[in-house]
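Here is a short report on aromatic rings and nonpolar cores. Look over the sequence and the model before reading on.

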Amino acid sequence: MKRILVLALIIIGAYTNGFAQELYVFTEPASNMPTKSIGVRITNEGMFNNPGFVSRTIPEVMIGFNKNLMTHAQAFLSDMDGKYRLEGGSLYAKYRFLSLDEAHSHLRAAAFGRISTSKRQTYTRDINLEGDNSGIQGGLIFTQLLHKLALSTTLGYAHAFENSDRQIARMPQPKNMLSYSLSSGYLVLPVVYKDYKQPNFNVYLELLGKTDPSSGQSYLDIAPALQVILNSTTRIDLGYRFQATGNMDNRYTKNMYLLRAEFNFFNVLK
């Protein structure tokens with residue numbers, strides 16, 4: 001029994017180490033978390049242009065039902081409207097429909113969907129379904145692993161629900177938004193994998209863009225990030241995004257840090 005447990009832990013460790021550089025900080029990869037596993041996250045985001053400093057906290061539960069399907073449930077709490085309060089929630093699902101595996105590389109493709117609710121009033125054309133807007137979103141993710149380098153791109157389309165009760169006069173009324181991203185992740189440590197307890201250290205660089213098709217306004221952010229994974233179960237992320245180019249006014253996420261802790265529990269579901 002002890003040998004079986006050790007073998008299972010090594011397999012889990014090998015899985016997590018092998019794909020660690022795909023665990024992007026600002027976007028999701030096409031790969032899923034392990035089957036029958038649960039993950040718990042707590043994320044803190046700080047924005048510096050609202051006009052002063054404000055922050056948002058996002059508790060989150062993730063479930064890996066099988067190798068193809070996983071879901072996320074999120075709650076959003078912030079002080080962005082004067083006092084700290086619960087502002088909404090979101091359900092996210094991802095289905096992996098393509099897996100092409102080779103010795104030290106693979107290609108994954110997945111489709112995702114999200115439905116969100118938010119109490120917030122709208123001040124910007126930017127549709128953010130992680131706290132700022134109520135709406136739905138769908139899209140595709142493609143992720144390519146090349147030994148220690150992982151590349152990923154996401155294409156999405158979001159539609160904001162009508163918000164007449166909370167709409168402020170003369171403020172933008174966003175309806176639809178195209179989103180796109182290009183993410184890269186590189187496994188720096190360990191140089192040679194020997195044990196699932198070895199800490200992983202990953203570096204990331206992500207490009208995050210959106211376009212409002214009705215007005216033509218758009219932006220592109222650059223988001224560098226660092227990540228540490230301990231015992232193949234605990235993950236700590238630190239990232240910052242800033243605008244490289246764009247003409248979309250009053251964005252909440254224009255200058256934003258992200259700090260996250262994540263804990264994974266493998267094989268806990270029957």
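The count comes to 6 aromatic pairs. Rings of Phe, Tyr and Trp (its six-membered ring) pair if their centres lie within 6.5 Å; planes under 30 degrees apart count as stacked, over 60 as edge-to-face and the rest as tilted. Two of the stacked pairs are tabulated here.

| Stacked pair | Centre to centre | Angle between planes |
|---|---|---|
| Phe53 and Tyr257 | 6.3 Å | 10° |
| Tyr240 and Phe242 | 6.5 Å | 25° |

This is a predicted model: local features need pLDDT of at least 70, side-chain atom pairs count only at pLDDT 80 or more, and totals for chains, interfaces and linings use all residues. Residues are numbered from 1 along each chain as its sequence is written, and side-chain values use heavy atoms, leaving out hydrogens and water.

Phe53 lies in the loop between strand S1 (37-47) and strand S2 (54-64). Tyr257 is in strand S12, 204 residues apart from Phe53. Strands are DSSP runs (E, at least two residues), numbered from the N terminus. Ring pairs also join Phe48 to Phe53 and Tyr257 in a cluster. Phe53 is partly exposed, at 45% relative accessibility. Buried means under 20% relative accessible area, exposed over 50%, and partly exposed in between (1.4 Å probe, protein chains only).

Now the cores. A nonpolar core is a set of buried Ala, Val, Leu, Ile, Met, Phe, Trp, Tyr and Cys residues joined through side-chain atoms within 4.5 Å. The largest has 15 residues; Val25, Phe26, Met47, Met80, Tyr204 and Ala225 touch the most other members. A second, separate core of 7 residues includes Leu129 and Tyr219.

How values were computed
Helix = DSSP H or I, 4+ residues; strand = E, 2+ residues; numbered from the N terminus.
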